[in-house]
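Dear colleague,

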Amino acid sequence: MLNITDQQLIKKGSYINGRWLTSAEQIAITNPADGCIIASVANAGIVETEQAVVAAKAALAVWSAKSASERAGILRNWFNLIMQHQDDLAAILTQEQGKPLAEAKGEVAYGAAFIEWFAEEGKRVYGDTIPAPSADKRIIVIKQPVGVVASITPWNFPNAMIARKAAAALAAGCTFVVRPAIQTPLSALAMAELAERAGIPAGVFNVVVGSEAKAMGEVLTMHPDVAKFTFTGSTVVGKSLISQCAHGVKKVSMELGGNAPFIVFDDADIDAAVQGAMASKYRNAGQTCVCTNRIFVQNKVLAQFSEKFVAAVKELAIGNGLTAGVNIGPMISAEAVKNVDQLVQKSVGQGAKVVLGGKQDAAGANFYQPTVLTNVTNSMAIAGNEIFGPVSPIIAFSEEAEVIAMANDTEYGLAAYFYARDIGRIWRVAEGLEYGMVGINEGMISNSAAPFGGVKQSGNGREGSKYGLDDYLEIKYLCMGGLDK
Ligand code: ADP
């Protein structure tokens with residue numbers, strides 16, 4: 001039993017059309033810190049996923065007809081309730097996902113901020129009038145909600161990846177169905193409970209929890225009532241979901257993998273660079289798509305940066321995320337630990353040197369030691385793959401052009417970071433990096449006012465900011481003629 005104040009936030013199954021599903025077959029949800037079962041939920045499948053889509057379609061007329069201001073009021077209620085229950089939501093999140101409680105609280109506030117932000121931005125869905133080529137015509141552009149939005153979200157941000165999508169969708173007047181990752185459904189269901197209390201009408205926000213990812217994904221990408229599909233997860237799964245969406249020519253947004261470079265130039269503030277690298281690398285035990293994946297350091301400052309960075313990494317406390325002072329929680333599974341370790345060992349075989357960590361931690365099967373590798377080259381396995389774990393490979397470089405080329409030498413293009421003070425260099429590097437987001441002297445870049453998203457195989461579409469609403473709106477052109485009669 002989860003130890004939280006408001007036990008009503010712990011739900012037993014999917015939320016479809018304002019009703020809670022309870023069925024015979026149960027799935028156990030475990031705490032990755034110790035493997036203990038913390039809850040069980042009813043296993044929904046294809047039928048329930050279809051019911052959720054149909055309910056979202058039925059709810060569309062009423063929700064989209066509300067004024068933006070009415071929707072904003074309801075979304076504001078949702079935001080307020082989430083913040084009022086921040087501690088409980090964070091405790092649920094840490095226990096199903098593993099991240100330290102302080103990070104979980106941060107995630108809840110970060111996700112809620114998108115709801116607050118889009119609630120207001122929904123009031124600014126402006127159209128346009130365009131001078132027409134002849135006097136008897138007028139050209140008007142209006143924007144309308146896309147329709148039913150279906151989504152699949154990952155386990156690394158069980159709250160915020162849903163909030164980021166649902167906030168924009170609901171503010172735009174769309175209705176929403178999400179299938180959260182089966183490792184972390186409790187946060188999603190708690191959000192649904194608060195959505196209901198906030199006054200979000202039945203059918204507008206639906207959560208389907210089930211273990212059959214592929215079959216449920218087929219419904220969410222191919223059901224005729226779905227107008228748009230949005231996904232956060234791996235590039236490999238994203239590609240197959242895009243191809244499924246192609247059958248119905250669905251509108252698609254994708255937040256996929258990353259291989260973020262973190263570049264420290266010789267004119268950087270080294271202490272600030274160390275701090276930025278720590279924040280962007282070790283958050284969530286390295287399990288975010290914007291986590292630093294490769295640290296490039298210019299030769300002149302290599303020794304200085306490495307020494308300070310290793311000292312900072314040594315300070316990280318590993319353990320159960322509920323324990324005060326812990327910075328590194330468990331990874332999501334023993335398999336994830338194995339994958340990270342294989343990458344580390346392969347790189348060691350290729351000539352990398354383990355300066356710190358380098359193996360599973362005594363804290364348990366799902367824990368991996370915060371690790372620093374030196375003598376790494378950009379062609380090693382650890383540099384070419386998304387690590388998704390607490391491992392920092394340090395790669396030396398000498399020239400600006402060389403490091404830009406190395407940073408861009410990946411199919412990914414989500415986040416990049418660099419530290420420098422020379423203004424000419426800052427512009428050259430910022431413009432030269434083939435990434436959707438660039439942190440300049442900053443390791444934490446994501447917030448609700450900014451457009452989050454990638455280029456290349458990291459995806460398309462943006463979440464957050466005024467641009468984020470466009471993904472949930474269709475442009476309609478009205479040509480008004482016969483005005484000269
Ligand atoms: P990761 O687990 O590394 O975050 P995945 O892309 O494997 O990345 O998973 C992201 C989400 O996609 C999860 O909710 C998962 O259950 C779901 N998923 C995985 N494979 C499929 C698939 N073939 N069809 C639909 N959903 C899938």
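This is a predicted model: local features need pLDDT of at least 70, side-chain atom pairs count only at pLDDT 80 or more; totals for chains, interfaces and linings use all residues.

Ligand site

The ligand sits in the largest pocket. Its shell consists of 14 residues, and the closest of them are Thr153, Trp155, Arg179, Ala213 and Ser234. Sorted by class, this shell comprises eight nonpolar, four polar and two charged residues. Two helices, α7 (213-222) and α8 (235-246), each contribute at least two residues to the shell. Of the elements involved, α7 gives the most, with three residues.

Trp155 instead uses its side chain, with an N or O atom 3.1 Å from an oxygen atom of the ligand. For Arg179, a polar side-chain atom lies 2.9 Å from an oxygen atom of the ligand. On its own the ligand has 540 Å² of accessible area, and the protein covers 76% of that area.

Salt bridges

Side chains of opposite charge can pair when their charged atoms come close. Across the whole structure, the search finds 18 salt bridges. One of them joins the side chains of Asp6 and Arg197, with an N to O distance of 2.9 Å. Asp6 belongs to the segment before β1 (15-16), whereas Arg197 is in helix α6 (residues 185-198), so this pair ties together parts that lie 191 residues apart in sequence.

With kind regards

Methods
Residues are numbered from 1 along each chain as its sequence is written. Side-chain values use heavy atoms; hydrogens and water are left out. A residue is near a molecule or strand if one of its heavy atoms lies within 4 Å of it. A polar contact is a pair of N or O atoms within 3.5 Å; within protein, one must be able to donate a hydrogen and the other to accept it, and residues adjacent in sequence count only if both atoms are side-chain atoms. Accessible areas come from the Shrake-Rupley method with a 1.4 Å probe; for residues, only the protein chains shown count as cover. On a 1 Å grid over the protein atoms alone, a cavity is a set of points where a 1.4 Å probe fits but cannot get out, and a pocket is an open set with protein on both sides within 12 Å along at least five of seven lines; lining residues have an atom within 4 Å of a point. A molecule sits in a cavity or pocket if more than half of its atoms lie within 2 Å of its grid points. Helices (H or I, at least four residues) and strands (E, at least two) are DSSP runs, numbered from the N terminus. Ala, Val, Leu, Ile, Met, Phe, Trp, Tyr, Cys and Pro count as nonpolar, Asp, Glu, Lys and Arg as charged, and the others, Gly among them, as polar. A salt bridge is a side-chain nitrogen of Lys or Arg within 4 Å of a carboxyl oxygen of Asp or Glu.
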